[in-house]
Amino acid sequence: MDIFLQQILNGLVVGSIYALIALGYTMVYGIMGLINFAHGEVVMFGAMVTITVISALVGAGVSLPGPLLVIIGLLIAIPACMLIGFTIERIAYRPLRGAPRLAPLITAIGLSISLQQVAILIWGRNYIPFPPILNHDVITFLGASITKLQIVIIALCLLIMVGLLTMVEKTKLGRAMRATSQNPAVAGLMGVNVNSIISATFVIGSGLGAVAGVMVATNYDQAHYYMGYMIGMKAFTAAVLGGIGNLGGAVCGGILLGIIESLGAGYIGDLTGGFLGSNYQDVFAFVVLILVLIFRPSGLLGEKLADRA
Amino acid sequence: MSLLDVKNLQVAYGGIQAVKGIDFHIDQGELVTLIGANGAGKTTTLKTLVGMVKKASGSIQFDGKDAASIHSHDFVRHGLAMVPEGRGIFPKLTVEENLLMGAYARNDTAQIQDELVRIYDLFPRLKERCRQLAGTLSGGEQQMVAMGRAMLSKPKLLLLDEPSMGLAPIIVQKIFEIIQMVAAEGVTMLLVEQNARLALEVSQRGYVMESGKITLGGDARALLDDERVRNAYLGE
């Protein structure tokens, strides 16, 4: 029983991070019908930039409390990632508007590889450790353990997601974003500058990605130029699971996928009599992806495609 | 000077010359209709007026300005609104959110609220359904949403593209009553219609468009009596 609770807690931590990244995929898809496969790399840059900033501060002998250093790192990483997202859309996707669907898809994959290479040029091929400034004290809760940092991660993810959903549902910008996703030509007639809305979508999604990247780096105490690939794929799976284009779906899909994955990893050893170990945990995400694509391609909260009459 | 003055407008659309040099004008306060068969170039003309389609040549003067200098998403800020063909509502926004999208380009929040109340007075049906998703409404109700939305942008000129399309005859009657109501509010309108009789009956002036050209124009009553219009468009 305590293993079960432990896996649920672990699942909530990774799941809320997946959800944050999945929002970036699903927002862009909702507005442009495009899967931005370079989004994982934006997450990676968020982690890398934060680590670099914190290491520089620590190296320069700045003695501030750990959490404050992370916040400073975030305050630099978020705008940096927003700039990357904005630039990606401007130079890679905007010229391809109206091009056949395959063109932006291939561009996205190319961008993803290019951004990884840029990261190698800046940070090298090795794992970059997160400076030891954070407290990893464990709290025991009904036999399961969780760190304070993980509680902060979950709480912050939920807070950001509620904030984003409120923004999209209640503000004028959010209304314009939804209108643009449903009918860009008519939104233009209403005076919405569709290009600005698309830029705003990329900027917001990249900001969320930056935060997620920092969370991944603090949770695993390291970052790597290739980290964005796997986490990006899983977040994409989460977005598809929830129903791509649907914000609430991305949140549910992310958390659900995190829990499925960690329960799977926790029990696979028992289920296969020790033949497969928890190192197979990545398999679960993609099994889920395949099952969703076969049995419910529109996702848990997605509508049927025929809805657009 | 006319509110809208179009001279020798030509538009090519996917390799086809859809509009072949037309001239027309609309004065302040008028309700003018553009009638013609399917494919005559009426919708293309409207889309060109709001910058959704680029013209090949000719000039469009709107309210004393050259329309070519206006960005397509800025037309509404210059007072040009359009109810597109097929209504163009946002199906997954509520009725009220759809209406508020019409006021997107405005910042006078208090006045927008007052006008929203007036729109609801004009269309009590929409008030009942203000929290409902617009995509769940009937065709006639959606047309009301589209017209209310356009009115909330406070247009100097309102373009209506086929408002009767796909609606039952009894609803079409209702929509034309609404058009007359809106006209009575002092909104200048250009109405594009295939339902020539109704359109001419509510309008002051009319133009007839045939394969990209305007072949007739003048007083709407006179057009209703015109032999050629009666034969070709009124089925007499």
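Student: In what order do the 4 strands of the open sheet in chain B lie?

Tutor: Strands of a sheet pair through backbone hydrogen bonds, either parallel or antiparallel. In chain B the order is 2-1-4-5, and the pairing is antiparallel. Strands here are DSSP runs of E with at least two residues, helices are runs of H or I with at least four, and both are numbered from the N terminus. Two strands pair if DSSP finds at least two bridges between them. Strand 2 (16-26) and strand 5 (65-66) of chain B are the edge strands, each pairing on one side only.

Student: Before we go on, how should I read the numbering and the model?

Tutor: Residues are numbered from 1 along each chain as its sequence is written, and chains are lettered from A and ligands numbered from 1 in the order in which they are written. This is a predicted model, where local features need pLDDT of at least 70 and side-chain atom pairs count only at pLDDT 80 or more, while totals for chains, interfaces and linings use all residues.

Student: How many bridges join strand 1 of chain B to strand 2 of chain B?

Tutor: There are 8, and strand 1 covers residues 4-13.

Student: How many residues of chain B are in contact with chain A?

Tutor: Contact means that two C-beta atoms, placed from the backbone, lie within 7 Å. By that test, 19 residues of chain B touch 15 residues of chain A. Helix 2 (residues 95-102) of chain B gives the most to this side, with 4 residues. The side of chain B divides into 12 nonpolar, 4 polar and 3 charged residues; Ala, Val, Leu, Ile, Met, Phe, Trp, Tyr, Cys and Pro count as nonpolar, Asp, Glu, Lys and Arg as charged, and the others, Gly among them, as polar.

Student: Is Gln173(B) buried or partly exposed?

Tutor: A residue is buried if 20 or more other C-beta atoms lie within 10 Å of its own, exposed if 12 or fewer, and partly exposed in between, with C-beta atoms placed from the backbone. Gln173(B) has 13 such atoms, so it is partly exposed. You will find Gln173(B) in helix 6 (residues 169-184) of chain B.

Student: What share of chain B is buried?

Tutor: Buried residues make up 44% of its 236 residues. For the overall extent, the C-alpha trace of chain B spans about 45 × 40 × 35 Å along its principal axes.
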